[in-house]
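Trainee: I have a structure with several chains open here. Can we go through how they touch each other?

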Amino acid sequence: MEAVVVKNLVKTYGKEQTVAVDNVSFSVEQGELFGLIGPDGAGKTSIFRMLTTSLLPDGGSASVDGHDIVQDFRRIRSSVGYMPGKFSLYQDLTIEENLHFFATVFGTTIEENYHLIKDIYVQIEPFKNRRAGKLSGGMKQKLALCCALIHKPTTLFLDEPTTGVDPVSRKEFWEMLRRLKEQRITILVSTPYMDEASLCDRIALIQGGKILSIDTPQNIVNAYPDKLLAIKANEMYKLLKVLESHPGVINSYAFGEYAHATFHDTDTHALQAYLRGHGLTGVEVKGAEVTIEDTFIKLLH
Amino acid sequence: MQDDRVIVCEKLTKRFGDFIATNEITFDVHKGEIFGFLGANGAGKTTAMRMLCGLSSPSSGKATIAGYDVYTQTEQIKKNIGYMSQKFSLYENLTVRENIEFFGGIYGLSDEQIRTKTAQLLQRLGMQNEANKLVASLPLGWKQKLSFSVAVLHEPKIVFLDEPTGGVDPVTRRQFWDMIYEAADSGITVFVTTHYMDEAEYCHRISIMVDGKMEVLDTPTNLKNSFHARSMDEVFYQLARGAKRGD
Amino acid sequence: MKQFLAFVRKEFYHVLRDRRTLLILFGMPIAQILIFGFALTNEVKDSEILVVDYAKDNASQELLTRIGASRYFNIRQAALSHKEILGTFQKGKIKAVVVFPVNFNEDLLHHNKAQVQIITDASDVNTANMITNYLSSIIMDYQNQVNQNLEIPYRITPEVRMLYNPQLKGAHGFVPGVMALVLLLVSVMMTAISIVREKETGTMEILLVSPFKPVLVIFAKAFPYLALSLVNVTAILLLSVFVLDLPVKGSVALLFAESTLFIITCLALGIFISIETDSQQIAMLISLMGMLLPTMMFSGFLFPIENMPLPLQIISNIVPSKWFYIIVKSIMIKGLGISALWKETLILLGMTVFLLLVSLKSFKIRLQ
């Protein structure tokens, strides 16, 4: 069954009718972990706000658990969980008070759905009398997730939960999401970090309010049309410059310690010779494993 | 050998009461180097950076920035550094040109210098047509590039970048790094923090802070080798996993 | 209902944990009572003075001309009995009454001394004091001038009577004023800020997306401030009774009822501001500039409204605190009951209903 169905959704802002969400359509299966991957300003937050009924669309339609986001907004409000991008808990209330408050607002109790949050809550329980404002980033995030889960939502919307969070906390957070998925909760998550895409069941790459591609991360990577090479040299900056000026290069860019490049014609030996001829040392050329980031760059190119 | 060290830190420490935010960090950064300053949230990066920028006085230890002492010569330090953070860098309700003129003015450039620099900068960024638009109306990527350009407008010896590429799309991120490379090539030292581990690889050397201490400092390749890791991500994870502090 | 209570409890946590705000809330009434008690001056201009001249002789006429020539006073003459004089004050127009006794000139000629009675409405202490001082100095001037040609000097003694507030307790005038100010600050500003804060921190977004009725958010927010404001009213009254020694002449119950009405007016205003603004600073600015300033200017608390140009006098009518100020003053000082204040109460009630309707109507159940 489809938990979320989005059809030609449009959102514009202001007098200039700046388009934030441009004719977006996708659907999410029940129990799926779906990622909206794209940079800031791509329209991720607007989509989430429309789906959680806090924003009215300017065109198109969408439903969550079969309820229309405009007509049945009250039904949706009582059944979804939402974690906005900014840390949105009461900083001057303790962990326990925050959780209790949100449980009551949603007409439930902590005890009733404790099993859902138990895994996460035990990690922050030792600090339950500490005020939320005094928690570390990772702990705040865990608390926010508990609060979004406490009323046993059918669908969970997480808007950039890992932005500004260090890589270790990010990993932990994704592990929590994987475990939640086992509870058959549909999860929609947005992120600007391309490397998190592979942790989702399916993803939509989004930029400028438009969806560039939707599929499983593996299929998206497999669909990469060109042969991608990873190239390394001791002089990185110079390498990038030389690649840029190479006549056969379609696209080239830095990628970690390597440069990634696609060519019209891939003769690695000729390429190595070309690079050495331009004074580069320690040249290494090999086939690269395509990542979501490579695909995104390709789609933007 | 000529001493080309622009940042010299020796046992630099900052205490807030009992809490040691930055614990005896010792390192040097050379001219034209891209120095990655990594660490989990709350590891003490921000505090360390504030001391290096002359915004906060250390509790103990020594440090000189561009040859100036962090205790006594903070004014000279501020003249010789540029700063850009993800959170604040430009005035959203001023136009591109007004922002450039304002920051040029702050750093004491003459009207003549400001005029020529503005023209150069706009041309290099290809933003001539946007010069009179409000910064608020620009896409995030352009803002970041513009604020970096403004941060190096007065040709500082060192530029501090605090998570400069957060939330930016992959293509713009790379264009941004092109600008960093270019600046480093022209002799500006770049001191950068980031949460993107692939960006850490672009740095000449990386330090990783854990619980206020600088645990490691080396080139990305050496770090990966010594930690038997395939990526910087793994190195970071191995180090920061044991961290006790959050922010 | 359980949800509502949980919300109210949360609001109390917010208020009680914010030490600084709490200090302001409860320190403010005390500080203001002290400040206004010592530091007030206002100018008196064109005050209506009623002259009762039983003497009608040269000396009294001469003095009258001098008083009339001053720019401070407008003179009206009437022949009234003592009882009727009291009545004129209750109508509110007359600031002071000057009474010349029957034998004014004769007393001067034969005894070389005479008395003039000055009766003022001391419920407005500053004005009363000022008028008395001006009148006394005019009388002294006259006396000195006449004395230049005399061997045995005349002495004219002004006998001053302060009506309603015989000990000239300044607090009489400003306790109601401080009450209006404090209630305004707590109810308008604090409510507006606390709602806007939820918008700023993003928690409003979560609440909007919850099944909790958004309108209830607003009411739950307003509730603690109603309670706090009533605590403040009590505190101010206790201060005024036990520290300043100023009893409440009228009904305390009526005073609390009227205060509650005014608090609700303020809450409605605060809610309206919070709906229309998105940042705490703007909410605060609007509350201060748009509410506090008019209260200081137009309630009659600092500046007598009668002295203002007509357009400002008209504007003063739309300031709720003006009506509240009149009501409190009448109850506390003059001891009047609802039968004398139903008009003001009705005006305030009308304003409250209007503001509540407007803010409920403009409240949005979505962002933007």
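Trainee: How many residues does the contact take from chain B and from chain A?
Mentor: Keep in mind that this is a predicted model. The contact takes 31 residues from chain B and 30 residues from chain A.

Trainee: What area is buried between chain B and chain A?
Mentor: About 2,500 Å², and carbon and sulfur atoms give 58% of that.

Trainee: How many salt bridges are there between chain B and chain A?
Mentor: The count is four. One of them joins Glu293(A) to Arg174(B), with the closest N and O atoms 2.9 Å apart.

Trainee: Which helix of chain B gives the most to the side that touches chain A?
Mentor: Helix 6 of chain B, with eight residues. By class, that side of chain B has twelve nonpolar, seven polar and twelve charged residues.

Trainee: Switching to chain C. How many residues are in the contact of chain A and chain C?
Mentor: Chain A puts in 34 residues and chain C 27 residues. Between them the two chains bury about 2,900 Å², with 60% of it on carbon and sulfur atoms.

Trainee: Which residues in chain A lose the most area to chain C?
Mentor: Arg77(A), Tyr90(A) and Val105(A), which together make up 21% of what that side buries.

Trainee: And how many salt bridges does the interface of chain A and chain C have?
Mentor: Two. Among them is Glu97(A) with Arg17(C), where the closest N and O atoms are 2.7 Å apart.

Trainee: Which element of chain A has the largest share of the side that touches chain C?
Mentor: Helix 3 of chain A, with six residues. That side of chain A divides into 17 nonpolar, ten polar and seven charged residues.

Terms used. Residues are numbered from 1 along each chain as its sequence is written. Chains are lettered from A and ligands numbered from 1 in the order in which they are written. This is a predicted model: local features need pLDDT of at least 70, side-chain atom pairs count only at pLDDT 80 or more; totals for chains, interfaces and linings use all residues. Side-chain values use heavy atoms; hydrogens and water are left out. Contact means heavy atoms within 4.5 Å. Buried area is the accessible area (1.4 Å probe) that two parts lose on being put together, summed over both. A salt bridge is a side-chain nitrogen of Lys or Arg within 4 Å of a carboxyl oxygen of Asp or Glu. Helices (H or I, at least four residues) and strands (E, at least two) are DSSP runs, numbered from the N terminus. Ala, Val, Leu, Ile, Met, Phe, Trp, Tyr, Cys and Pro count as nonpolar, Asp, Glu, Lys and Arg as charged, and the others, Gly among them, as polar.
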